[in-house]
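Hello, and thanks for taking a look at this model with me.

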Amino acid sequence: MNLIWKPCEEVTQPSTYNVEPFTINKNIMESYKLQSGGRMPAIGYGTFLATGLELEKSLNIALETGYRFIDTAIGYNNEPIIGKVLNEWISAGKVTRNELFILTKLPCYGNRPEDVDKFIKQSLHDLQLDYIDMYLVHLPIGLFKNGKSEYSEMELDKSTDHLKIWKKMEEQVHNGRTKSIGLSNFNIKQTQRIIDNCKIRPDSLQNENHLYFQSPEVVEFCKHNGIILISYSSLGMKAFREAAGLSWNNKQLPEMLENDVLVKIAKKHSKTPAQVLLRFINQKGISVIPKSTCPRRIMENFQIFDFKLNTEDMDALRNQDDGEAGRIVRFQMIKNIEDHPEYPF
């Protein structure tokens, strides 16, 4: 495939890591067993903020590298591009549908039981698929879109009823539109309420989780309940933070990939800081969905199963947790979000 790429910035101190050229090996990939049956890959390709030709090119590279888990959402406005690429790969016989694991999400402006059918059908149409592997409730709060495209212009729907929405999510499994269902950005109390009142248990919970925000109580809760935690913002979302003017509450924290402890461990293993961060999260039984449009990084991020961090490494990285002060995403782009009765933070 003849693809033209714009240059991407270098990994921090690349000369010190002695990273060998990446050789694609599609057999090297761990996976987690789901309560509903089947397995979910331990690493997926994230597509947040990726659109157009850039996404088309990077998704092709990701599939060539060996990624088979693709994470998207209606709210990312990129499902038609993903559907186009997936259809090309399946039609060409380069991958079978059964080899893919496609995750998408019910948008918060569809957080009403009567809207679930409509939005999952839209995703199936745009992704050019007969079924979705995992369908999540994207946010615990509801919005009225009212014809607006910007979240800041939408209005809060304070009548959000998680149990009624979950009942409709369960119907999507029964009618074959999705194989499994889960949650995203829900807190422990909200997730427990679903567990206590469901017929089909959540298979996964996709939440922010990274070096500075490790939420060990959520990790333990998920393990206790057989829920696979999926980490987003695993590498710190530097580009997004800068574009959106976001940061962790503790302004003293160094840029994540420049953390001294992380850099030292990466050098020891001849890996990049990003690879060590992903492996650190992964070794705790958490799935990761790193997003990049840089070919080298897409491939490097996948090369995390050929080494293991020892107890000393894991403890040193756990000690970098800064709790709530390390949180990045609070969805402040939604006007008055903290006034919603289901605001999770």
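In which helix is the place of N60? N60 sits in helix α1, which covers residues 52-65.

1. Ground rules. This is a predicted model: local features need pLDDT of at least 70, side-chain atom pairs count only at pLDDT 80 or more, and totals for chains, interfaces and linings use all residues. Residues are numbered from 1 along each chain as its sequence is written, and side-chain values use heavy atoms, with hydrogens and water left out.

2. Secondary structure. The protein has eleven helices and twelve strands. Here helices (H or I, at least four residues) and strands (E, at least two) are DSSP runs, numbered from the N terminus.

3. Overall dimensions. Along the principal axes of the protein, the C-alpha trace spans about 55 × 50 × 35 Å.

4. Burial and surface. Of the 345 residues, 55% are buried; buried means under 20% relative accessible area, exposed over 50%, and partly exposed in between (1.4 Å probe, protein chains only). The protein exposes about 15400 Å², and carbon and sulfur atoms supply 49% of that area. Accessible areas come from the Shrake-Rupley method with a 1.4 Å probe, and for residues only the protein chains shown count as cover.

5. Contacts across the sequence. Among contacts in the protein with a separation of 6 or more, 75% are accounted for by residues 24 or more positions apart. Contact means heavy atoms within 4.5 Å.

6. Charges. The protein has 43 positive and 44 negative charges, and their mean positions are 2 Å apart. Lys and Arg count as positive and Asp and Glu as negative, while His and the chain ends are not counted. Each charge is placed at NZ of Lys, CZ of Arg, CG of Asp or CD of Glu.

7. In an unreviewed entry, UniProt gives "domain: NADP-dependent oxidoreductase" for residues 54-318. UniProt positions are given in the numbering used here, feature names are shortened, and annotations may be inferred rather than shown by experiment. Over residues 54-318 the chain is 42% helix and 13% strand, with the end C-alpha atoms 35 Å apart.

8. The unreviewed UniProt entry lists Y76 under "active site". Y76 lies in the loop between β4 (69-71) and α2 (79-91). Is Y76 buried or exposed? Y76 counts as buried because its relative accessible area is 12%. Leaving aside neighbours within four places in sequence, Y76 is in contact with T47, F48, T51, D71, K105, H138 and Q206.

9. The "binding site" annotation in the unreviewed UniProt entry covers H138, a residue in the loop between β6 (134-137) and β7 (142-144). With a relative accessibility of 14%, H138 is buried. Besides Y76, the contacts of H138 beyond four places in sequence include A73, K105, L106, S184 and N185.

10. Two positive phi values. N77 has a positive phi of about 55° although it is not a glycine. N77 lies in the loop between β4 and α2 and is exposed, at 61% relative accessibility. S215, another residue other than glycine, has a positive phi near 35°. S215 belongs to the loop between β10 and α6, and at 8% relative accessibility S215 is buried.

11. Y212. The loop between β10 (204-208) and α6 (216-224) holds Y212, which is buried at 1% relative accessible area. Setting aside neighbours within four places in sequence, Y212 has contacts including W248, L253, P254, D321 and G326. Y212 and M169 are 43 residues apart in sequence and 32 Å apart in space, C-alpha to C-alpha.

12. N60 and L124. N60 is buried at 6% relative accessible area; N60 and G110 are 50 residues apart in sequence and 30 Å apart in space, C-alpha to C-alpha. L124, in helix α3 (residues 116-127), is buried at 10% relative accessibility. L124 and E79 are 45 residues apart in sequence and 9.1 Å apart in space, C-alpha to C-alpha. Not counting residues up to four places away, L124 touches L129, D130, Y131, I132 and R177.
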